[in-house]
Amino acid sequence: MPVRVWLMLLILAGFTHPWLPDSRWLLVHLFTLGAVTNSILVWSQTLAERFLGYHLPETARRPQLARIYTLNAGIVLTIVGMLGSVWPVTLAGAVVVGAMVAWHAIGLLMLIRRAQLHRAAQGEGRAEHAQSVWFFVASAALLPVGAGFGAALAYGFADPAQAGFLFTHQAMNILGFLGLAAAGVLTVLFPRLLGETDPSARRRPIALAVLLSGIGVLTGGALSDLPDLAAAGVLIYLTGWLVVALPLLKVAVRRPPTGYAAASITAALLWLIGSLIALAVVLIDGPMEADRATLMTVPFLAGFAAQLLFGVMSHLLPTMMSDNPAVRAAGVNRMNRWWLWRVLVINVGLVIWLFPLASWIKVGVSALVMLAFILFLPIMISSAKAAMGVRRAMREGSGQAAPEGAAPVEPAPPAPQNRGQQVIAAMASLALVIAVGSALGGGAGGPVEDAAAGVAPTGQTTTVQVDAANMRFTPDSVTVPVGNRLVINVTNKDTMVHDMVLASGQSTGRLGPDQRATLEVAVVGKSIEGWCSIIGHRQQGMVFHVRTTGGGADANSPGQMAMGPGMAGMSGAATGPAPDVDLMRKPPASFEARDPRLAPAPTGTVHKYTFDITEVPGDFAPGVQQIMWTYNGRPMGPTLRGKLGDTFEVTLVNHGTMGHSIDFHAGMVSPDEPMRTINPGESLVYTFTANHTGVWLYHCATAPMAVHIAAGMFGAVIIDPPDLAPVSAEYVMIQSEAYLGPQGGQPDADKVIADKPDLVMFNGYANQYVYRPLHAKVGDRIRIWVVDAGPNESLAFHVVGSQFDTVYKEGAYLLRPDNPLHGGSQVLDLGVAQGGFVEMQFTAPGTYTFLDHRMVAGDRGAMGKIVVS
């Protein structure tokens, strides 16, 4: 009953939170202190008795009831004290809560002793799941410590101690009290829920020890202001959970969930693992600050805790009503109503919420996710009524059912067509709230939220000088009193172009070296994130934080996560895939493929070229248009060719909007001057001599290099070996990848860093030689020069139906036609930036496919044909 009451209060607070002070804090504590704490105390007692094989007599229930009632009185005192900022009341509530949970821990220890004595008297050994009860004991022992740190925070310790206390408070309460109890329950319940035996019984003592060690190290690092040590504690704790969860997830893979309980618990485990990894990254990436301690609050509580709570309750409530299979089946079937819709809305909605979207979109998505959670209550009531109806019908003799004590019968899974309807309904619901939110407050490209909403101006101004250099803003944050006006003077002290944009909509525009600009926010009401908008710079760490003080809990709400190195994708900055990728779609009749034929090396020993850098729209595949960054107007620059000792002089001119550069692997030069980044309107002359033969890559060397290469800034230089034999025809194939943003947009830097290409191509266009094939005749000797430009994927070049009698890789022959062993080759394998060539002769007419034999790359567009007549 207390759990239902706290859930109802949570729902009421959720609908009224815009008008409540400290609403975010209130929602969190109504859920954690109210619903979660009551659930853990009630269910850990019930399950401990089952796991130990010993049930307390009814006379022992009165102290338990007194404990629950006193606990809830303490929770009310704590919340009232916090809302009224009356610390003695808060302290009294925290003491009561801590004392009741400590009493619960002592009660569990006494229960273990009683069970041991009882089973010994009966001549029985230790119960099968007795070890799981120690998780409950450790869980209950940690909450009083967490409550003490919570009371200290409410008192208002100085800033240096606040961050450590906050991390410790969360470690004890979320990772300790909640996490350990969850681990103890799931090791027994989850496999049974999926119809298998417990796969992790032997690992329980090890897991508990590792989990406790992780909490201890995390707490030590937090209180010592050592974020790296705290991160190590998180990783140790994660290791403990992997010991618990991996066997369970393997069970889920073998037996995919077919109902709400199993699906919700599986999702909770995945959110926990992901949140722990993200928390470790947050700690490694930044200082020990109070606002960073709350970055994972939503993933931990909504993604893990709430889904775990509702999933466990969805299983336990109907199954503990009766041992009769018909009664249980009726309750479980009702619990699974629209289960897939609820699970999808909650999890996809939470992922969407992590993206930096417009505030109205976040409001809509949050409301829909809350609705999916709230539906648990009416469904739970409906489940209880259905089970009681079956039991009543059996009692009255009007129904046929299996006898009491029979083996449980699980309900049948929902019909396949029902699941399809639920998936469509879930996606449609989310799309609708996003569309409505976009219409009300602008899309993802607009301001994230009004930084001054409901805030009275103070008439004062906070001014900060910020320098942009080396992929960083210095300083990278400013603290502003709520209500102040903010002025940010930005100076670009780098050699390349940068800018700064704020989530509230302000932007400096592009700034060249030594240029300045000023950003102004009229009234600051809450935290704002800023970043450099040039593709890839944000992912490199160019992020700026506006933090607030003096405005209550909401003022520094961590609505957006900053992205430092290694955190790509977590902020939701990815622009997403282009919607029209269809590799079966033919290009228009007017399409002209890139000419792959390679001309002989020009005469003379000095070769001069001009490379014009442009940023222009173009297609990577039929109907897939992107802004490409190019040398001379097309992705993949000109192929240069020469002989050993030749000199190449390349004039590079930047006609783009940002800094670019070039790096010729064919030359041996000091990188400082010729490979430097030049800004728009600038030029340089790059001179190198071919000291070695081979097939060499060139590419843009401006950070982030992977993004510049993926956008089209690459090409090849071929320096012929002196003994190069004549052939009928020569072709060049340079493989690269495309990481697509929206139609007509820029490449997706987050996908580049995550190594998730949409297309893999030869010569800058997917499958172009499938539709515009190469041609040869029977008996022709063909040479194909191959380079892997990357930026990420390796290459296994293969021609279907043919074999290579000549293979040249990285400056040396691996195989020649006069090989006395008559050996042949099937694949030229190249890592990123490697090159070589192969030769073959066709002995019969037909259509021969060439491709990257890493099949996933071939299927993404790295394929072509040679028609032999």
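Buried here means under 20% relative accessible area, exposed means over 50%, and partly exposed covers what falls in between, with a 1.4 Å probe and protein chains only. The model is a predicted one, so local features need pLDDT of at least 70 and side-chain atom pairs count only at pLDDT 80 or more, while totals for chains, interfaces and linings use all residues. Residues are numbered from 1 along each chain as its sequence is written, and side-chain values use heavy atoms, with hydrogens and water left out.

Salt bridges come up first. With the cut-off set at a side-chain nitrogen of Lys or Arg within 4 Å of a carboxyl oxygen of Asp or Glu, the structure has 17 of them. One pairs Glu839 with Arg783 at 2.7 Å, N to O. Glu839 sits in strand β25 (residues 835–841) and Arg783 in strand β20 (residues 781–790), so this contact ties together parts that are 56 residues apart in sequence. Both of these residues are buried. Strands are DSSP runs of E with at least two residues, helices are runs of H or I with at least four, and both are numbered from the N terminus.

Another bridge links Glu793 and Arg854, whose closest N and O atoms are 2.6 Å apart. Glu793 belongs to the loop between β20 and β21 (795–799) and Arg854 to the loop between β26 (846–852) and α19 (855–859), so the pair joins parts that are 61 residues apart in sequence. Glu793 is buried at 8% relative accessible area, whereas Arg854 is partly exposed at 23%. Arg854 also meets Asp852 in a salt bridge, at 3.8 Å from N to O, and Asp852 is buried with a relative accessible area of 0%. Shared partners also join Arg641, Asp720, Glu730, Arg781, Arg783, Asp805 and Glu839 into one salt-bridge network.

Next, the backbone. Most residues other than glycine have a negative phi, and most peptide bonds are trans. The bond from Thr474 to Pro475 is cis, with omega near -10°, and Pro475 lies in the loop between β2 (472–474) and β3 (477–481). The bond from Ala703 to Pro704 is cis too, with omega near -10°; Pro704 is in the loop between β15 (694–699) and α16 (705–710). Asn767 has a positive phi, near 60°, and is buried at 9% relative accessible area. Glu810 has a positive phi of about 50°, but is partly exposed at 43%.
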